[in-house]
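Thanks for making time this morning.

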Amino acid sequence: MSTEPLIAKALILDRTAAKMNRTEAAYSAYLLSLLHGGFIRSFDFEPEKFRLGPDCFYTPDFRIVEVDMSISFMDTKGTTKKNGKEKPYYRDKSIIKMKLAAELHPMYRWGMAWKTKGGWDSKIF
């Protein structure tokens with residue numbers, strides 16, 4: 001039995017992981033646990049780039065294929081504390097792009113996720 005496909009797959013995963021920041025890597029680990037638990041079918045890191053207008057593009061962090069075969073795109077965000085609660089840290093530009101992508105591609109679910117002390121929280125647009 002050849003090990004070439006396994007080696008090639010490992011190399012692809014290593015290259016993808018090298019591009020992720022710490023928050024993205026942590027969310028990827030979380031998605032992997034959901035995958036192994038049977039809660040999602042698959043996920044990919046930055047698999048697609050969406051054109052929102054002339055010279056305006058949006059690349060969501062993750063594409064998630066849900067159990068019912070619907071597709072979600074999620075962006076990971078850092079956190080900041082506000083009034084003792086962890087809130088996502090983001091720039092208005094990223095939210096505008098995400099909302100515009102949701103309007104242009106309503107067949108997908110769009111959202112953002114951020115790490116909390118208890119795990120992950122999210123907001124769907």
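Strands and helices here are DSSP runs, numbered from the N terminus, with at least two residues in E for a strand and at least four in H or I for a helix. On that basis, aspartate 61 lies in the loop between strand S3 (56-58) and strand S4 (62-66). Before going further, please keep in mind that this is a predicted model, in which local features need pLDDT of at least 70 and side-chain atom pairs count only at pLDDT 80 or more, while totals for chains, interfaces and linings use all residues. Residues are numbered from 1 along each chain as its sequence is written, and side-chain values use heavy atoms, with hydrogens and water left out.

Aspartate 61 is buried yet has no salt bridge, the nearest side chain of opposite charge being lysine 77, 6.0 Å away. Buried means under 20% relative accessible area, exposed over 50%, and partly exposed in between, with a 1.4 Å probe and protein chains only. A salt bridge requires a side-chain nitrogen of Lys or Arg within 4 Å of a carboxyl oxygen of Asp or Glu, and for charge, Lys and Arg count as positive and Asp and Glu as negative, with His and the chain ends not counted. What the side chain of aspartate 61 does reach is the backbone nitrogen of threonine 76, at 2.7 Å. Its contacts (heavy atoms within 4.5 Å), leaving aside neighbours within four places in sequence, include Glu24, Asp44 and Met74.

Lysine 49, in the loop between strand S1 (40-45) and strand S2 (50-53), is exposed, with a relative accessible area of 58%. Its charged end sits over the ring of phenylalanine 57, 4.9 Å from the centre, where the criterion is NZ of Lys or CZ of Arg within 6 Å of the ring centre and within 35 degrees of the ring normal.

Turning to the aromatic rings, the structure holds 13 aromatic pairs; rings of Phe, Tyr and Trp (its six-membered ring) pair if their centres lie within 6.5 Å, and planes under 30 degrees apart count as stacked, over 60 as edge-to-face and the rest as tilted. Phenylalanine 50 and tryptophan 110 have ring centres 5.2 Å apart and planes at 70°, so this pair is edge-to-face. That pair links distant parts of the chain, with phenylalanine 50 in strand S2 and tryptophan 110 in strand S7 (residues 109-116), 60 residues apart. Tryptophan 110 is buried, at 1% relative accessible area.

Conventions: A polar contact is a pair of N or O atoms within 3.5 Å; within protein, one must be able to donate a hydrogen and the other to accept it, and residues adjacent in sequence count only if both atoms are side-chain atoms.
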